[in-house]
Amino acid sequence: MPEIKIQIKNLYKIFGKNPKSALEKVKDGVNKDQLLEKHNHVLGLKDINLDIKEKSIQVVMGLSGSGKSTLIRHINRLIEPTDGSVVVDGEDVLKMNDENLRNFRRTKTAMVFQRFALLPHKTVLENTMFGLHIQNIDEKEANTRARRWIDRVGLSGYEEKYPQHLSGGMQQRVGLARALTNDGEILLMDEAFSALDPLIRKDMQDILLELQDELHKTVVFITHDLDEALKIGDRIAILKDGIMDQEGIPADILLNPKTQYVKDFVEDVNRARVIKAKHIMSKLNGQDRDNAMFVDQDDFIDRFIDKVISDKPNCLIVKNKNNDEIGYLSTKRLSEILKR
Amino acid sequence: MEKFFLSEFPELSRETLRFIKKGFDTSYRAFSREYGDTIEAVFDPVLYFLVWFEKLLQNSPWPIVLICFLAIIYFGSRKISVTIGSLFAFLLIGIFGMWEDTMSTVSIIGVCTLLSIGIGIPVGVLMAKSERAQKICTPILDVMQTMPSFVYLIPVVMLLGIGKIPGLLAVVIYAIPPIIRLTNLGIREVDSEVLEAADAFGANPRQKLFQIQLPLALPTIFAGINQTIMMALAMVVIASMIGVKGLGQPVLKAITNQYFAMGLFNGLAIVALAIIFDRVSQSFGHRIQQHRSGARE
């Protein structure tokens, strides 16, 4: 089992003049609208519990105003919570003093922002070195490290350009390079690709997944785009009005939406591209191997659906990496999943 | 006869008013007698520097001074046109016999500007960092900018007498508000997302100030420096009333004696200086924000 890297427990955030007294009311059951109307406080987050596993990509998804950006800012404490705790590697972030918090931010985390937040007066190279300069790391080493990541995100040759001279996609590559150069174990990405146009966004998603295969960071990724969430998330948490509606692996959220909100959200998703064989298989039960078809557990449905239609097998046998048979899938079940 | 209450403002009696004014003046006079020398001593280094600078400009051979000026103008503005224009302006000033006065004025403006920058930028930073400092400073700046300059000349002269230092103080008081205000504004205008990014990377307040806030506020601060220089130049005539040498004194003489041509020449020399200072500081200000438009040279 992978270790829990970030543990968020009973987190509340209320914006307003007197959040502590408003907190009591929220805990007594006052909802977001009532709180705003009667008490003039805004409920940002309500009782959030989330365990984020090491070396995985945790997506937090929600529409604007759902509190997702507020949530990610609690992890590196850019926002102080009203109540609750955030524990990273066994240490409570909220109990750190200024100095410890700065060190934590310098070494453990790095952040990528929706609107890039690059320093306009510094070049691409200087921007990428920013985190290292803050840590007072020797100029030569900073330079080497920064250049390596600029190269890795495909920006070689642009080192001396200023951010204003780059397109949005390229600016966000700088943002990504800046975060990676910092070499923290935790990568916080606040709607990092939302401001990019669709093709560029897809590119960036691919870059991120490719890098993640190699770097194994703990990534917290905020998005309002379900397709993006399903594509890159190992797990997805869905926020609505500051409340976490559901948390789980993508297939689970698609197959068993817990609330109407989530149900509406996932309705139009192309399931064949999100659900893998292992997500929908049943236990082997002496199935007939006549005219059976074998599929890998990690194959998405759209990898084998064409073959199912042309070969018309009786059933599908699911195998793992060691070629052991671990489950089966009836064509009836398959068509149910796809029809829903 | 009893005055009607509504037609006459109910004012304090003459005695009371005189008592208040006299009491105020007496205590201020006592204060200046007691501490005048000490306060003057505080400004001694500034005075030495000012005198040294003035002598340097006046006693060095004029071609050397002129070449130095033109070099500074060229490297500040990187514009041949401004440099050549300045050359002609200085030549005319010299030919019309105003070289020495102009050097005095340049030296006092230079020192005033340096003092204003040295005091104004830290005060502006403080205002930007603390709401309380902003609340305290804003009305003081309002008073400094709107109070007729003659009024604050009075206590300065009472305290320090007539001469360079009181003149310098008067100029600085008059000219410092823009740089304070624009430093404050420039820092407050820095994009909050960029600051958040700096926080997220663990920058401490000093790193934020020197690596982000001041560099990004620099164009605005430069607009403030430009304003400060212009206002200092505008004060030279008033400052000459309390004994500051330079182009202001002939103007003052021209007013009292009705010498129109003399006033005009010296006035034009002040205008020429103003234009040169303005063009140089503006193009310098533009150059330091290159990242906003064209590529690096």
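1. The contact takes 21 residues from chain A and 18 residues from chain B; two residues are in contact if their C-beta atoms, placed from the backbone, lie within 7 Å. On the chain B side, α9 (192–200) and α10 (205–234) each supply at least two residues. The largest share, six residues, comes from α9(B). Helices (H or I, at least four residues) and strands (E, at least two) are DSSP runs, numbered from the N terminus.

2. This is a predicted model: local features need pLDDT of at least 70, side-chain atom pairs count only at pLDDT 80 or more, and totals for chains, interfaces and linings use all residues. Residues are numbered from 1 along each chain as its sequence is written, and chains are lettered from A and ligands numbered from 1 in the order in which they are written.

3. Chain A has an open, antiparallel sheet of four strands, ordered β2-β1-β4-β5. Two strands pair if DSSP finds at least two bridges between them. At the edges are β2 (42–53) and β5 (91–92) of chain A, each pairing on one side only. β1 (residues 4–15) of chain A pairs with β2(A) over eight bridges. Ile8(A) stands opposite Leu50(A) in β2(A).

4. In chain B, α5 (residues 99–129) packs against α10(B) at about 140 degrees, with axes 10 Å apart. Axes are lines fitted to C-alpha atoms, for helices over the stretch in contact, and angles run from 0 to 180 degrees between N-to-C directions. α5(B) and α10(B) are therefore oblique to each other (under 35 degrees is roughly parallel, over 145 roughly antiparallel, 65 to 115 roughly perpendicular, the rest oblique). Residues making this contact include Ile109(B) of α5(B) and Leu233(B) of α10(B).
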